[in-house]
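I opened a notebook for a structure that is new to me. Here is what I looked up, entry by entry, for anyone who wants to follow along.

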Amino acid sequence: MREIVVCGEALVDVVQQRHDARGSAPDGLAPLQPALGGGPFNVAITLGRLGSAVSLLSAVSTDTYGDAIVDALRSAGVGTTWVQRRAQPTSLAVATIADDGSARYSFYVEGTADRAVADPGDLPPTVSAMTFGTLSLVLEPGASVYENLMRRARAEGRVVVLDPNIRPAVIDDPDDYRRRFRGWMTDVDLVKLSDEDASWLADGPAGSTAEDWLADGVAAVVTTAGSSGITVRTTADEVSIPAPAVDVVDTIGAGDSVLGGLVHHLDRHGWLTPAALRSLDVDGWRKTAQFAAQVAAVTVSRPGADPPWAGELRSD
């Protein structure tokens, strides 16, 4: 059986609640609500809920939040064989939700567990695809571990999927990150990113674009643009699909749900191989993007990163 391994951090989103009838605290601060999150964690949960064979490869704290992270993974059907437990605390991401449902973040990540990930050694041949991204490819020493694992996975013939999920607040040297990102493209099969990520990566002297990444050998670049939908670019074609109409509660985990939906759909239809990704036609990409948009629409319709279960969706 093919297995997908999601690589990267699991953390706690501390979400500022919107004002309600109770108002805010006497000091004017809105109440905070903790929720499990982190881009890779959300991707793994999405894949597990959709029914993919998936595991998370990460370092997770032995604190109370870490226990909750492991319990949530198992409840969603995500394997924890590659979860390394660490004594350091869980990372925190403080999220502020705007009136349009968009989220802004600040991070508390110094000396935290997810940065202490160790190389897992050889993975079994059943692992056919691996996903990477978000803070885990920025924060050392873990970032170098994940980068080496990414390059090794590609050399071993596994599909490599990358979602940079740019968080400028934790990137000390933007141009250095942009150069590193461009250097990964020869080892990546599928890039998924937001339009804001794409603009950030194209900026400055070290900037690059989807056209550059495709020229470097990437099979497809999938770009999300919120309510404007999803665009898939390959060297031969471009296809765009609209986002489903939905009342947005908040956008936490929306992009992660898109990535989980993409990978699940590709895997379910036998397209999650290096060769298949490079030969997939416009109709295949359109159906994949439509399914991913459907997954994300459910996620944004309810608070927190709460992706759908397979039974909540139309057949893929």
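**Entry: the overall fold.** I began with the secondary structure, and the protein chain has nine helices and 14 strands. Helices (H or I, at least four residues) and strands (E, at least two) are DSSP runs, numbered from the N terminus. I then checked the radius of gyration: it is 18 Å, close to the 20 Å of the globule rule for 316 residues, so the protein chain is as compact as a globular protein of that length. The radius is taken over C-alpha atoms, and the rule is 2.2 Å times the number of residues to the power 0.38. I also noted that the C-alpha trace spans about 60 × 45 × 45 Å along its principal axes.

**Entry: ground rules.** I am looking at a predicted model, where local features need pLDDT of at least 70 and side-chain atom pairs count only at pLDDT 80 or more, while totals for chains, interfaces and linings use all residues. Residues are numbered from 1 along each chain as its sequence is written, and side-chain values use heavy atoms, with hydrogens and water left out.

Entry: Of the contacts with a separation of 6 or more, 71% join residues 24 or more positions apart.

**Entry: charges.** I read off 26 positive and 42 negative side chains, with the centres of the two sets 4 Å apart. Lys and Arg count as positive and Asp and Glu as negative, leaving out His and the chain ends; each charge is placed at NZ of Lys, CZ of Arg, CG of Asp or CD of Glu.

**Entry: helix α4.** Which residues of α4 (174–184) are buried? I listed Y177, R178, F181 and W184. They cover an arc of only 120° around the axis, which puts them on the same side of α4; the arc is that of the directions from the helix axis to the C-beta atoms. Their cover includes helices α3 (142–155), α5 (195–202) and α6 (210–216), along with strands β10 (159–163) and β11 (190–194).

Entry: I found R115 in the loop between β8 (103–108) and β9 (127–133). R115 is buried, at 16% relative accessible area. Beyond its neighbours within four places in sequence, its contacts include E140 and P141. P141 sits in the loop between β9 and α3.

**Entry: two positive phi values.** I stayed in the loop between β9 and α3 for T134, a residue other than glycine whose phi is positive, near 65°. T134 is buried, at 7% relative accessibility. N165, in the loop between β10 and α4, also has a positive phi without being glycine, near 45°. Its relative accessible area is 12%, and N165 counts as buried.

**Entry: V300.** Where is V300? I found it in helix α9 (residues 282–300), buried at 9% relative accessible area. V300 lies 48 residues from I252 in sequence, yet their C-alpha atoms are 7.2 Å apart. Leaving aside neighbours within four places, V300 has contacts including V246, V248 and A254.

Key
Contact means heavy atoms within 4.5 Å. Buried means under 20% relative accessible area, exposed over 50%, partly exposed in between (1.4 Å probe, protein chains only).
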